[in-house]
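Have a look at the model first.

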Amino acid sequence: MKFQKANCLKGEITVPGDKSISHRAVMFGALSEGKTEIINFLQGADCLSTIGCFRRLGIEIENENHIITIQGKGLDGLCAPSGVLDTGNSGTTTRLISGILSAQPFTSTLTGDASIQTRPMKRIIEPLSLMGVHIESLHHNGCAPLLIEGQPLKGIHYHSKVASAQVKSAILLAGLYADGETSVTEPTLSRNHSELMLRSFGADIKTDGNTATIIPRPRLTGQKINVPGDISSAAYFIAAGLLVPGSDILIRNVGINPTRAGILKVAKAMGGHICLLNENRDGEPTADLHITYSPLHGTVIEGEIIPTLIDELPIIAIMAAAAEGTTIIKDAAELKVKESNRIDVMVQNLSAMGCSVTATEDGMIIEGKTPGVPPLKGALIHTHADHRIAMSFAIAALIAQGETEIPDSGCVSISYPSFYSDLHSLSESI
């Protein structure tokens, strides 16, 4: 797909449902008694992989008219799959379902695409093994495929080396089946969707600072879940509105959970004008986001804010390239083990667009634009099949001089199938 520099972007959009919440709603609904209904479920490839896995585990799931209906069977209702469970490109599916499978009275094999088979799974293998499960990396490299032989589990208090909601959730889900309470302490607080949603389904979860504790064997009951818009998807339009002169964009019903909304803090720190309208703080907090063009300046992004915006760092790097001054991103080594090594891929592509950018061990140093000179130039973008790289550079193309080509643009279907049509709806010039 080819892109040209855009005129101002104006209009109103609604982004797809939150990816993290969509995954969890399916999983928790499957483990509950009775019907769960999910509205505004993200119909992306990753979340459909979660549905596919639970169907193979014997759960009846209907997907009609943008509503997911799950007939839950309770904590002990899963059946042994007839073959390998394929999680596609979804790290969330792979890690969270591992916690659930650890307690089942059968053996499972999990695999995924080429990217999943390179992503680190030792971070869940270690704590789940401490709980008593036999879990093995079949290629003996700490990655999928994984063989999981379910066992009776014991409760543990695990001190995680990384602030990862996927690691935390895998342990808490295994803790549903343990012989005593299970706790996870993180170095900094990661997104807390599992804790909020499990509590709404009836689980007994306590949180104290960076520690979450679950009491085993709750009775979970089916719920009606209305999934808010995904702030990770909204991030591209937040950046577009801030970067393209004259832009004025309204994004409806976006999740602004504080453990996810770091991009709003960074954008404001860079001088971005974002106004929150119609805020709703019940359950998962939401708001409409009103974004208008704003000259940006560099900043330093580091420390406890990183887990709240880890998926948004590629598009933040685009914002930094168009800002005045230097932006430094630190403490983000986790970018190396996403769908691609996002530090290396961002540096490669930003350099191709004429930006002065340097990779560091745990982030990037990005030199912003020169006054009076277009911040970027068109280039051939290599996405490495990473959906967030493709969307980030589609936005970069809107402010670049000349044509930008993204050959592997279709990978956005992993998380945002309607991304290009939503982008086009804001400007006929794209």
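**Pocket, cavity and cores**

By class, 9 nonpolar, 11 polar and 18 charged residues make up the lining of the largest pocket. (Ala, Val, Leu, Ile, Met, Phe, Trp, Tyr, Cys and Pro count as nonpolar, Asp, Glu, Lys and Arg as charged, and the others, Gly among them, as polar.) Heads-up: this is a predicted model, where local features need pLDDT of at least 70, side-chain atom pairs count only at pLDDT 80 or more, and totals for chains, interfaces and linings use all residues. Numbering runs from 1 along each chain as its sequence is written, and side-chain values use heavy atoms, with hydrogens and water left out.

- On a 1 Å grid over the protein atoms alone, a pocket is an open set of points with protein on both sides within 12 Å along at least five of seven lines, a cavity is a set where a 1.4 Å probe fits but cannot get out, and lining residues have an atom within 4 Å of a point.
- The largest pocket holds about 630 Å³ of space, and of its 38 lining residues A163, S164, I310, E334 and K338 are the closest to its centre.
- α1 gives the most to that pocket's lining, with 4 residues.
- There is 1 cavity of 30 Å³ or more, and the largest cavity has about 40 Å³ of space.
- Residues lining the largest cavity include D18, H193 and R260.

**Nonpolar cores**

- A nonpolar core is a set of buried (under 20% relative accessible area, 1.4 Å probe, protein chains only) Ala, Val, Leu, Ile, Met, Phe, Trp, Tyr and Cys residues joined through side-chain atoms within 4.5 Å.
- In the largest one, of 80 residues, I251, L313, L350, M364, F393 and F419 touch the most other members.
- Helix α7 (residues 231-243) gives the most to this core, with 10 residues.

Key: Points joined across faces, edges and corners; volume = space filled by probe spheres on them. Helix = DSSP H or I, 4+ residues; strand = E, 2+ residues; numbered from the N terminus. Buried < 20%, exposed > 50% of the residue type's maximum accessible area, 1.4 Å probe, protein only.
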